[in-house]
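Colleague: I have a model open and want to go through it with you. Can you take my questions as they come?

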Amino acid sequence: MTAGVANVQGPARQPGSAAGPGLPLPRWRGLLEAQWQARLREVTELALAYHDTAERAPGGPGRDAAPQLRRLMQRAVAARRALADTEEALRRVSAGRYGQCEQCSAAIPPGRLTLTPEARYCPRCAPDPGGQVTPGPGGIPAGRRPR
Ligand SMILES: [Zn+2]
């Protein structure tokens with residue numbers, strides 16, 4: 001059952017426990033479920049805001065409200081994508097593949113999973129886990145810290 005993965009500079013690796021993420025799977029599942037709920041709420045709120053803005057626009061949508069609607073739509077699309085990513089990650093938990101790179105099957109470092117629980121690739125296959133995290137000075141991703 002061990003995935004025979006070369007250790008990627010993890011000094012605090014516990015022998016005996018299955019190769020994979022540093023936290024037990026139920027912890028990741030709980031974290032992902034919480035994230036899924038938050039994102040679902042975000043999608044809902046953005047959809048409501050969109051319709052609200054469209055309705056309140058004088059003369060209907062398309063003129064004054066257009067830029068705002070476009071922004072809301074972009075955010076809604078991004079939120080839906082994030083929701084789908086989280087769903088995918090939950091599916092990987094169920095399938096027992098969570099924490100494995102989809103490209104090369106290497107273990108994704110727990111640090112990356114902590115920052116981006118829905119990460120699908122190891123740092124070698126995708127330097128940018130979420131597709132939008134910009135590493136700040138010192139390599140710390142800006143803006144997306146775990147709470
Ligand atoms: Zn990889």
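Modeller: What follows goes through confidence, helices, packing and a few single residues.

Modeller: This is a predicted model, in which local features need pLDDT of at least 70 and side-chain atom pairs count only at pLDDT 80 or more, while totals for chains, interfaces and linings use all residues. Residues are numbered from 1 along each chain as its sequence is written.

Colleague: What is the average pLDDT of the protein?

Modeller: The average is 79, where pLDDT is the predictor's confidence in each residue, from 0 to 100. Of the residues, 68% score at least 70.

Colleague: Where is the pLDDT below 50?

Modeller: One such stretch is residues 2-21. Beyond near neighbours in sequence, residues 2-21 have 21 contacts in the model; two residues are in contact if their C-beta atoms, placed from the backbone, lie within 7 Å. Residues 132-147 also stay under 50, and the model has 14 contacts for them beyond four places in sequence. Where pLDDT is low, the predicted coordinates should not be read in detail.

Colleague: OK. How many helices and strands are there?

Modeller: Three helices and zero strands, running α-α-α from the N terminus. Helices (H or I, at least four residues) and strands (E, at least two) are DSSP runs, numbered from the N terminus.

Colleague: Which helix has the lowest confidence, and which the highest?

Modeller: Helix α3 (residues 110-115) is lowest, at a mean of 90. Helix α2 (residues 66-95) is highest, at 95.

Colleague: What about the length of α1, what should it span?

Modeller: Helix α1 covers residues 25-56, and at 1.5 Å a residue its 32 residues should span 46 Å. The expected span is 1.5 Å times one less than the number of residues. The end C-alpha atoms of α1 are 46 Å apart, which agrees.

Colleague: At what angle do α1 and α2 pack?

Modeller: At about 160 degrees, with their axes 8 Å apart. Axes are lines fitted to C-alpha atoms, for helices over the stretch in contact, and angles run from 0 to 180 degrees between N-to-C directions.

Colleague: Parallel or antiparallel, then?

Modeller: Roughly antiparallel. Angles under 35 degrees count as roughly parallel, over 145 as roughly antiparallel, 65 to 115 as roughly perpendicular and the rest as oblique.

Colleague: Which residues of α1 are buried?

Modeller: W28, L32, R39 and V43. A residue is buried if 20 or more other C-beta atoms lie within 10 Å of its own, exposed if 12 or fewer, and partly exposed in between, with C-beta atoms placed from the backbone. What covers the buried residues of α1 includes α2.

Colleague: Which ones are buried in α2?

Modeller: L72, A79, A82, L83, D85, T86, A89 and V93. These buried residues of α2 pack against α1. Over the whole protein, buried residues make up 19% of the 147 residues.

Colleague: Back to α1. I'm looking at R29; what does it touch?

Modeller: R29 is in helix α1 and touches L90 and V93, not counting residues up to four places away in sequence. R29 is partly exposed, with 17 other C-beta atoms within 10 Å. R29 and P117 are 88 residues apart in sequence, with their C-alpha atoms 9.4 Å apart.

Colleague: New topic. Where is S105?

Modeller: S105 is in the loop between α2 and α3. S105 has a positive phi of about 65 degrees although it is not a glycine. Most residues other than glycine have a negative phi.

Colleague: Is S105 buried or exposed?

Modeller: S105 counts as exposed because it has 12 C-beta neighbours inside 10 Å. Just after α2, G96 also takes a positive phi, of about 75 degrees.

Colleague: What does I108 touch?

Modeller: I108 touches G99, Q100, C101, L113, A119 and C122, not counting residues up to four places away in sequence. I108 is in the loop between α2 and α3 and is buried, with 25 other C-beta atoms within 10 Å. The C-alpha atoms of I108 and R120 are separated by 8.0 Å.

Colleague: And A107, buried or exposed?

Modeller: A107 counts as buried, with 22 C-beta neighbours inside 10 Å. A107 is in the loop between α2 and α3.
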